[in-house]
Amino acid sequence: MFKEYDVIVVGAGHAGCEAAHSAAVLGSKVLLVTMNMNTIAQMSCNPAMGGVAKGQIVREIDALGGMSGIISDKSMIQFRMLNKSKGPAMWSPRTQNDRMRFAEEWRLALERNTNVDFWQEMATEIIVDKGKAVGIKTGMGIEIHSKSVVLTNGTFLNGIIHIGEKQFGGGRTGEKPATGLTEQLISLGFEAGRMKTGTPPRVDGRSLDYSKMTEQKGDELPSKFSYLKTPTLKEQRSCYITYTNKQVHEILETGFDQSPMFNGRIQGLGPRYCPSIEDKINRFSERDRHQIFVEPEGWNTVEIYVNGFSTSLPEDIQHKAIRKIPGFENCKMFRPGYAIEYDYFPPTQLKVTLETKLIENLYFAGQINGTTGYEEAASQGLMAGINAHNKITKKDPFILKRSDAYIGVLIDDLINKGTQEPYRMFTSRAEFRILLRQDNADIRLTPLGHQIGLASNERLENVNKKKKEVAELISGLKQKKLQPENINVELEKLNSAKLKEKSPAYNLIKRPELNVLQLKEIKAEGLNEYLNRYSNDILEQAEILIKYEHYIEKEQKLAEKISGLENHTIKKHFDYEKVKGLSSESREKLKTIRPETIGQASRISGVSPADISILMVYLGR
């Protein structure tokens, strides 16, 4: 082991793995500290990656040179593109994954990097010298020194597991909590809070009757996350859908008086958009059923994840109720669902680089910042790892704007607005979502990732090739003229209006009722031969750019206009008390968050457009 590390990463979940990987690839000597080497990259909750807006984040991580997309592709057992019935800004890739293979692939990827060392022990203290993080102290009293520290503790900080009236310390079932760090950080001046999340029971798939459920297959032509040549699925495992009913709800309600969520034992707020089954029954009492997704945990295991049945009720009530769900009549439970309560640190205490404002060279990433979800955590880990490396090597910070990436939206929301409940990414959070699509993450971000040394030459070459082919295709479609007498019969078959005069193929793709895959089937005018020269990815990219050309241009102009505010910097110790006319709320928020630019100030909750105008006038803008 090295005598001193450049970066110590505490915690080996999704955030920790991406932080260690990114810093190590950039050249830093990294120590990854975990309480259990056998749970590196554990999928603590559902065995899946991506989903609405989350899939865009995984694509962005991959485009920058991160590993989450590659690991997901290597371990996926099913792929689905969600929201295909909506516009392409809403399309979101999602994989069902083999839980054991996912963790194995991540560990192997980290072990292959000679810049990464591992240490299995609890970190109990940050070593601070003159306001800087310079290492950690472990539970055995070992001091390990470094130039920076990244904390990615997940749900382990003073974690308490709740099952009915039982409660015990733990960061995950069967694993002890992390203690000491919260208390030290509070003594250093940090503000801490409590949050709650939960997980459903795991059951024996051999005991289920799938004939009573609806099968949910993967896409007929499965795609993947990574822009590199990762495996494409040849076969897939199906998921299944079933529903709760009144009988299930009545049984669950008998345990409400023992529920830690209702009797006040849990103080932390849980995720609004992934509530427990008892919370759903309570909040949506008018509904007599709730959807349950039956998700396999891997290729070769019988274990099933019961998505939608998260609960902290007593285990006997869980088992009795779950057996009333269609298909679960003879269900055998492997382990009950539980809630977990843990410490987090409001993210308004962070800079845009995820470095803490109070302690230099100390970074927070993942659930410690109040987020929920593997994807949100992984993206923060990636950015923290990059910025920790850049800081100690005296390079410029790496910052993504809201118009650059969902990752930029996520970090901007956290540091400017904070969060009182577990933060989850949605497409609705991104005002520039037409620009931030899953299909163009490589075009948006790979040049940036390559510039800092994280994305490989191969990735950049792939992007340049893709851009060239898309441009060639669009140009060719504009030049390829179609004769009405040759093409109208085919258009009639597709219920599309006939051409009245000679027209470029480009105009057909603009029609909302037509898509490029349909046009690939038209043999007239050699249209199919021309389109078949290009891969489906190139065709899809060109189609989106053609169909939504004016919307994309309009949003691009708006993004450029707003990004101008980012160029107006505010000095670190600017005195807001001198600025007359600011509202008291605005002045208080500005003093607390200390925005670095006018643009950042404009996005702080409680700072009005009028306050920004006053501030700009005062600053001579």
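Helices (H or I, at least four residues) and strands (E, at least two) are DSSP runs, numbered from the N terminus. The model is predicted: local features need pLDDT of at least 70 and side-chain atom pairs count only at pLDDT 80 or more, whereas totals for chains, interfaces and linings use all residues. Residues are numbered from 1 along each chain as its sequence is written, and side-chain values use heavy atoms, with hydrogens and water left out.

**View 1**
Ser 92 belongs to strand 5, which covers residues 92–97. With a relative accessible area of 0%, Ser 92 is buried (buried means under 20% relative accessible area, exposed over 50%, partly exposed in between, with a 1.4 Å probe and protein chains only). Contacts (heavy atoms within 4.5 Å) beyond four places in sequence link Ser 92 to Gly 51, Val 52, Ala 53, Gln 56, Arg 80, Met 81, Leu 82 and Asn 83. Two polar contacts involve its side chain (a polar contact is a pair of N or O atoms within 3.5 Å; within protein, one must be able to donate a hydrogen and the other to accept it, and residues adjacent in sequence count only if both atoms are side-chain atoms). The side chain of Ser 92 reaches the backbone nitrogen of Ala 53 at 3.3 Å, and a polar atom of that side chain lies 3.0 Å from the backbone oxygen of Met 90. Between the C-alpha atoms of Ser 92 and Leu 208, which are 116 residues apart along the chain, the separation is 30 Å.

The side chain of Thr 95 makes a polar contact of 2.7 Å with the side chain of Asn 97. Not counting residues up to four places away in sequence, Thr 95 touches Pro 47, Ala 48, Met 49, Ser 72, Met 76, Gln 78, Phe 79 and Phe 225.

Three strands form an open sheet in the order 3-5-4, with antiparallel pairing (two strands pair if DSSP finds at least two bridges between them). Strand 3 (48–50) and strand 4 (76–82) stand at the edges with a single partner strand each, so one side of each has no neighbour in the sheet. Neighbouring strands are turned by 15° against each other on average, direction ignored (axes are lines fitted to C-alpha atoms, for helices over the stretch in contact, and angles run from 0 to 180 degrees between N-to-C directions). Strand 4 and strand 5 run antiparallel and are joined by six bridges; Met 81 stands opposite Pro 93 in strand 5. Helix 3 (residues 68–75) lies across strand 3, strand 4 and strand 5, at about 115° to strand 4.

Strand 13 (residues 202–204) runs antiparallel to strand 18, to which two bridges join it, and Val 203 stands opposite Met 333 in strand 18.

Strand 7 (residues 123–129) pairs with strand 8 (residues 132–138) in the antiparallel sense over six bridges, and Ala 123 has Thr 138 in strand 8 as its bridge partner. Two residues lie between the strands of this hairpin, and Lys 130 in the turn has a positive phi of about 55°. Strand 8 and strand 9 (residues 143–151) also pair in the antiparallel sense, over three bridges; the bridge partner of Ile 136 in strand 9 is Ile 144. Four residues separate the strands in the hairpin of strand 8 and strand 9, where Gly 141 takes a positive phi near 85°.

**View 1. The two faces of helix 18.**
Helix 18 (residues 549–563) has 15 residues, which at 1.5 Å a residue should span 21 Å; its end C-alpha atoms are 21 Å apart, in agreement (the expected span is 1.5 Å times one less than the number of residues). Ile 552, Glu 555 and Ala 559 are buried in helix 18. Down the axis of helix 18, its buried residues fall within an arc of 70°, so they line one face of the helix (the arc is that of the directions from the helix axis to the C-beta atoms). An α-helix has 3.6 residues a turn, so residues three or four places apart point the same way. The face turned away from the buried side carries the exposed residues His 550, Lys 554, Lys 557 and Lys 561. Helix 17 (536–547) is included in what covers the buried residues of helix 18.
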